[in-house]
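The following exercises ask you to read strand pairing and helix packing from a structure. Work through each task before turning to its solution.

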Amino acid sequence: MFSPPLHRQRHQFVIDFVKRNKPKKVVDLGCSECSLLQKLRFHREVELLVGVDINGTTVKKKMHGLAPISTDYLQLSYDQLRIELYQGSVTQKDARLRGFDLVTSIELIEHLTLADVKSFSEVVFGYMTPLAVIVSTPNSEFNPLLPGLVGFRHSDHKFEWTRTEFRSWALKVCLEFGYEVEFTGVGQAPSGQQEGVGFCSQIGVFRRHGVRDGCNMLLGDDAEDVFSYTLLYSINYPSLRDNNTLRRVLVSEVLYWAEKLKSGWMEERTGEGSGAYTLCQTAAGGEGCVSERCMEMEEKQTACGAEMRSLVVQCGRSVSEDQEEEEEDVFWKKSQRQQDSCTLRRCVSVPLDVLWSCCPKISALTGSVSNLRHLLLDEPEVKLSQDGAAVLVNYQEQGTDLEGEEDHNDLEDSGYAEARQDSHTAEQEEDWEANV
């Protein structure tokens, strides 16, 4: 009768509200099989997503479908998301659900007794005090248009309100708890009958009075802290705001770009490259190179404790001491490192400021060269020069070619092998309650 199906229209109504208002903390009361939460988790303006349902068995069957998938680990951003699922009654208070930006109650209130509806109003609007509440419930005036329906739309419904009854309850809530409400709905009647019967599902969108700049200052902060719900599931999605995750991604980028810059420098040194080598490649949008700098090759000779001999290279050309004195734009940094053994050891030194300039992702992750140095100091996979100003990459005469972008992907993918990807695409047949 409805296209798309009415349960999808109700969920889309909530999603559109989230897109427009960008709430950071959202709770879905009566989350059941978590189908609305499944959709909301992809809208990363939400930082805390909570579901509550009295039937813990139903929640447990579907809760692992809310776990991060592979792309959440591979396409990391600074967005953060935490999901929590609770077993509990919407007629009971729980301090963990206070002060949210949005509370949704989709086709829930009609499953409560009228006494419980009063408790629901006090808990949601008086205790939780969210910025906004979306309540949807069946419109009984629409029922005669539903083919084959006798009685209520679901056997568990305690009542089904007319539009007037719903408005009466909603306006009383607004008066008592300081909200205003807008009435709308989803599921339009056939042409010519909309005004007479209204929407199949009627919706009230409540907004709290006295809210400034989207800031949710709790009303009644002296309210008791009650914890009546049972936590069933919680998960933090990977985010670059997590320091460990940030370091893993940064190390992958640093190792890849240091090796790439070393390889390009060696090609120019051996004459295999074509023309002068530019260290800093284009960033976004086809821009030119950020800056052209030079790398040093540090060599340790045969005796223990001997100092490294530095070879300064500018854009792939060896620069003699006379040339160095004449050219002011030559980058020169003398670094000394002692040899741990008496074996020959050679490496290429890639300055951190070159890495920071060449790789937009490295600069975005760290913000400054000093932050880059600080984040790399305790990383065992990255060797730094004695003064911490450069990354040291092993020098090899042969076999220095990179293996292409696949190597980079392997580096970036490492550490996230445990990512779980769940696929739940099949939808089951629903009764009238599910469909409308």
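**Exercise 1: a strand and its partners**

Thr 184 has Ile 203 of E7 as its bridge partner. The model is a predicted one, in which local features need pLDDT of at least 70, side-chain atom pairs count only at pLDDT 80 or more, and totals for chains, interfaces and linings use all residues. Residues are numbered from 1 along each chain as its sequence is written, and side-chain values use heavy atoms, with hydrogens and water left out.

Task: determine which residue of E7 is the bridge partner of Ser 136, and how many bridges join E5 to E7.

Solution. Begin with strand E6 (residues 179-186), which pairs with E7 in the antiparallel sense over eight bridges; strands pair if DSSP finds at least two bridges between them. Next, E5 (residues 132-138) also runs antiparallel to E7, joined by seven bridges, and here the partner of Ser 136 is Ile 203. Finally, seven of the eight residues of E7 (residues 201-208) are buried, that is, under 20% relative accessible area with a 1.4 Å probe, protein chains only.

**Exercise 2: two packed helices**

Task: describe how H5 and H6 pack, giving the angle and the distance between their axes.

Solution. Helix H5 (residues 114-128) and helix H6 (residues 163-177) pack at about 45°, with axes 11 Å apart.

Definitions and conventions
Axes fitted to C-alpha atoms, helices over the stretch in contact; angles between N-to-C directions. Helix = DSSP H or I, 4+ residues; strand = E, 2+ residues; numbered from the N terminus. Buried < 20%, exposed > 50% of the residue type's maximum accessible area, 1.4 Å probe, protein only.
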